[in-house]
Amino acid sequence: LARIDQKDLQSMLKWMADEESRHRNWFIEQKKRHIIEIDEKNLKQMVPGVLQDMMGEKTLSLDDIDFSRLENITDLLHTFVGFEKDTIMFYEMLEMFIEENSVVKGLDLIIEEEKKHVEKLEEMIDSFS
């Protein structure tokens, strides 16, 4: 395989950042559209704890990554693959709490896009090997 240059890497990471921004906007829109009813207040308080128990130590935050310890582009790409896979796992668990079909379909689309991110990152990793 041909080696990937810095421009290709920058282009791919920008594409992923744009996708993640679009995903964020989708979640913001869902929050605006779907107000939790008063009788669901206990569920709203319980869900974060349940999800935390299911996710374990995974924080889904890039703030927890010490980028200074990454020695090369491959390490960076592996870090992103792990982050994307954790995000997919979180979204799949989140689906268990969603009843509205249109929201589940939207989340399924996002999960598929996240899986494509993993594929592209793994292709880049393979090109460096």
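I began with how H3 and H4 lie against each other. The model is a predicted one. Helix H3 covers residues 73-94 and helix H4 covers residues 101-128. I read an angle of about 160° between them, and their axes are 9 Å apart. Angles over 145 degrees count as roughly antiparallel, so I noted H3 and H4 as roughly antiparallel to each other. H3 passes H4 in a left-handed crossing. I then looked up which kinds of residues make the contact of H3 with H4. I found 15 nonpolar, 4 polar and 6 charged residues there.

Next I turned to helix H1, residues 6-33. How do H1 and H3 pack? The angle is about 20° and the axes are 13 Å apart. Angles under 35 degrees count as roughly parallel, so H1 and H3 went down as roughly parallel to each other. The crossing of H1 and H3 is left-handed.

Then I checked the length of H3. It has 22 residues, and at 1.5 Å a residue they should span 32 Å. The end C-alpha atoms of H3 are 31 Å apart, which agrees.

Which residues in H3 are buried? I listed Leu77, Thr79, Phe80, Val81 and Glu84. Thr87, Ile88, Tyr91, Met93 and Leu94 are buried in H3 as well.

Last, I looked at the start of H3. A side-chain oxygen of Asn72 comes to within 3.1 Å of the backbone nitrogen of Thr74 there.

Notes
Residues are numbered from 1 along each chain as its sequence is written. This is a predicted model: local features need pLDDT of at least 70, side-chain atom pairs count only at pLDDT 80 or more; totals for chains, interfaces and linings use all residues. Side-chain values use heavy atoms; hydrogens and water are left out. Axes are lines fitted to C-alpha atoms, for helices over the stretch in contact, and angles run from 0 to 180 degrees between N-to-C directions. Helices (H or I, at least four residues) and strands (E, at least two) are DSSP runs, numbered from the N terminus. Angles under 35 degrees count as roughly parallel, over 145 as roughly antiparallel, 65 to 115 as roughly perpendicular and the rest as oblique. A crossing is left-handed if the near helix is turned anticlockwise from the far one by less than a right angle, and right-handed if clockwise. Ala, Val, Leu, Ile, Met, Phe, Trp, Tyr, Cys and Pro count as nonpolar, Asp, Glu, Lys and Arg as charged, and the others, Gly among them, as polar. The expected span of a helix is 1.5 Å times one less than its number of residues. Buried means under 20% relative accessible area, exposed over 50%, partly exposed in between (1.4 Å probe, protein chains only). A polar contact is a pair of N or O atoms within 3.5 Å; within protein, one must be able to donate a hydrogen and the other to accept it, and residues adjacent in sequence count only if both atoms are side-chain atoms.
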